[in-house]
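Please keep the sequence and the structure in view while reading.

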Amino acid sequence: MAGQHEMRDGACPPGACSERWPMDPVKTDRESSEKIAAGKRDSLTVTDNRTGKSYELPIEDGAIRAADLRQIKVEEDEFGMMSYDPAFTNTASCYSRVTYIDGDKGILEYRGYPIEALAERSTFLETAYLILYGELPTKPQLEEWTWHITHHTFIHESIKKFLDGFHYDAHPMGMLVSSVAALSTFYPDAKDIFNPDSRRKQTYRLIGKMPTLAAFAYRHSLGLPYVYPDNELSYSANFLNMLFKTTELKFKPNATLEKALDVLFILHADHEQNCSTSAMRGVGSSHVDPYSATAAATAALYGPLHGGANEAVLRMLLDIGSVKNVPEYIKRVKGGEKKLMGFGHRVYKNFDPRAKIIKQVAYEVFDVLGRNPLLDIALECERIALEDDYFVKRKLYPNVDFYSGLIYQAMSFPMTMFPVLFAIPRTAGWVAQWEEMLQDPEQKIARPRQLYVGDRRRDYVPIDERQ
Ligand code: CMC
């Protein structure tokens, strides 16, 4: 079956092949240092108090270039000044045109379109197109794009055998990381990363096959037969079909749940230079194929501080157990014993706009499926935290993961599937950021520096003489 679909890879659906690819290179309107040195642009003057020398560093787009610090040195033969920024809290690693975030104002935009408008009016596949191509598609473009994605949903039958090798209780995120990496062995043409046609095909495959891999991982954990994709269904409905179809001839999703999942996919589609996207760009910068880079990004997302937080929130709410236990739990959080999972964000310091939308979606889902009993515990955590000085002072607010787990649980997803539900839509963002990185002439293999503070050259000590 996989072959049947792959044979049509090169073909377009009826109508013109109108897709614009590759994307334009990321805008690099940086002006020359000469112009800046001539005083036509902003600059920063730094005085090195060790030598009394002053340096003028150009400011471009509100930043100085870390490499410009290298001229600051005491001795001519030394390496020069570096900036130290563990966890990259204040370092821009790239120019990007994909996603804009203003963390203080709670703004999130994909390609300039507010997340609120996309959640209300767009679909995941349309949003994925926007993220990748930079513009909302016309009707024929959307049809063509949808055709390509739905005709790359099948996976090679050998991948099923590969998935069968996992233990019955294997975490689906571990299975997803491994199976995405394994795709590179099925598509060796993916190594041709400087060929736009090849990149386009891998993009279709990645966005098309992630839900299939995820659903197969889920079915494996239940010992259920795999359900093949149904190309007549929408992206999110097909995913629900592959997860939940049993004996019915045709899976018919509940429209509210299909829409809710689609909105959740839109909200998770990209989030600029977070941990997993940085992994995608960093690993991709070695010019490895995109499946291997996506596997690295998926692994980064697995962690409880990132995409694994939605699973961690649910576990926390279950651990709290009842509304009356919330104050005690908050006390432990304030004592540094625990974290309030689903709270806090590196960038958002006012509110996470995705959390606001998700809370609304949660109520719509609960109207259909009944109220999740953990909701009251979550609401009480939120109520106390938003009034408590500890959280207010640190600007800790509910993030995207605080309510998403409650929706997923209500929709019958096991907790282990929550991070997988994040990885599926984020693939669109990862691929767009990877494209942008490859086309940015300033990007090279990622290679941070270090400040070495260990021992220096020592004499080797034979084992018998060691203390
Ligand atoms: N509960 C309790 N205290 C917290 C929390 C929390 N969830 N988050 C941050 N703090 C405290 C932290 O201990 C620190 O306190 P102090 O100044 O006294 O040392 C202060 O707030 C600043 O936190 P930070 O760790 O320096 O902030 P960060 O930007 O490094 O971390 C974060 C951001 C999201 C990793 C962190 O807030 C966190 O661990 N949250 C819980 C996990 C979570 O919900 N992650 C999902 C993030 S959103 C989805 C995604 O993009 O992946």
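This is a predicted model: local features need pLDDT of at least 70, side-chain atom pairs count only at pLDDT 80 or more; totals for chains, interfaces and linings use all residues.

Of the chain's 467 residues, 49% count as buried.

The chain contains 19 helices and five strands. Its radius of gyration is 25 Å, close to the 23 Å that the globule rule gives for 467 residues, so the chain is as compact as a globular protein of that length. Along the principal axes, its C-alpha atoms fill a box of roughly 80 × 65 × 60 Å. If contacts are limited to residues at least 6 apart in sequence, 72% of them join residues at least 24 apart.

Helix H15 covers residues 353-369. At 1.5 Å a residue, its 17 residues should span 24 Å, and the end C-alpha atoms are 25 Å apart, which agrees. After H15 comes Gly 370, with a positive phi near 95°.

Which residues of H15 are buried? They are Pro 353, Arg 354, Ala 355, Ile 357, Ile 358, Val 361, Ala 362, Val 365 and Phe 366. An α-helix has 3.6 residues a turn, so residues three or four places apart point the same way. The buried residues of H15 pack against strand S4 (107-110) and against several helices: H3 (115-121), H10 (255-267), H16 (374-387), H18 (400-410) and H19 (418-439).

Definitions and conventions: Residues are numbered from 1 along each chain as its sequence is written. Side-chain values use heavy atoms; hydrogens and water are left out. Helices (H or I, at least four residues) and strands (E, at least two) are DSSP runs, numbered from the N terminus. The radius of gyration is taken over C-alpha atoms; the globule rule is 2.2 Å times the number of residues to the power 0.38. Buried means under 20% relative accessible area, exposed over 50%, partly exposed in between (1.4 Å probe, protein chains only). Contact means heavy atoms within 4.5 Å. The expected span of a helix is 1.5 Å times one less than its number of residues.
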